[in-house]
Amino acid sequence: MNHNAKEDPQSLSLPILDAWERHNRILLYLIDYLPENGLDLAFGEKGKRIGSHFAHIHTVRRMWLQASAPELWEQTYAIDNKQLNYRPYIKEALNSSSAAICELLRMALENDRIKGFKLGPENFFAYLLSHESHHQGQIIMTLRLVGVELAEEIAFGLWDWGKR
């Protein structure tokens, strides 16, 4: 826990909020470079479609917003499963939930707590990144399993946070 956060929330919040926004831009970057039918791809009969992974990320964000800051949750919307293959729709949903999570993190850093999460805002931030990165890995693995390799510059671009 950073005790300076209570004295000066901006000293801690800006780097975390910047990191959160960069993380979301990386997800959007991945969406942009999926093949044309990329959101519909799945491995095997029971495999989750790539669009469903992105929808799940958005849904979990909304779950935390509903539990921790309902006024922010109300600014987002549930994803229509009929739209899972429509890139602009998925990107818009992720942007709306990302902006709301960013505000939740800002408020949590000011108050040094997240309602419903016992370990504090810094750990909540790490939890969200871990969860979403897990699904990003599943998306990339699904692509490989169905025979789609991301171009090397795209695969490396996912790690170039300085450009995102």
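Helices are DSSP runs of H or I with at least four residues, numbered from the N terminus. The model is predicted: local features need pLDDT of at least 70 and side-chain atom pairs count only at pLDDT 80 or more, while totals for chains, interfaces and linings use all residues. Residues are numbered from 1 along each chain as its sequence is written, and side-chain values use heavy atoms, with hydrogens and water left out.

**View A. Helix α5 and the residue after it.** The 25 residues of α5 reach 36 Å from the first C-alpha to the last, close to the expected 36 Å; the expected span is 1.5 Å times one less than the number of residues. D112, with a positive phi near 60°, follows α5.

**View B. D112 in its loop.** D112 lies in the loop between α5 (87-111) and α6 (121-145). Most residues other than glycine have a negative phi. D112 is not a glycine, yet its phi is positive, near 60°. D112 counts as buried because its relative accessibility is 14%, the cut-off being under 20% relative accessible area (1.4 Å probe, protein chains only).

**View C. The largest nonpolar core.** A nonpolar core is a set of buried Ala, Val, Leu, Ile, Met, Phe, Trp, Tyr and Cys residues joined through side-chain atoms within 4.5 Å. Among the 25 residues of the largest one, L30, I50, F54 and I90 touch the most other members. Two or more residues each come from α2 (9-32), α3 (50-68), α5 and α6, with the largest share, 6 residues, from α2.

**View D. Surroundings of I50.** Apart from neighbours within four places in sequence, I50 is in contact (heavy atoms within 4.5 Å) with L34, G38, L39, L41, I139, T142 and L143.

How values were computed: Buried means under 20% relative accessible area, exposed over 50%, partly exposed in between (1.4 Å probe, protein chains only).
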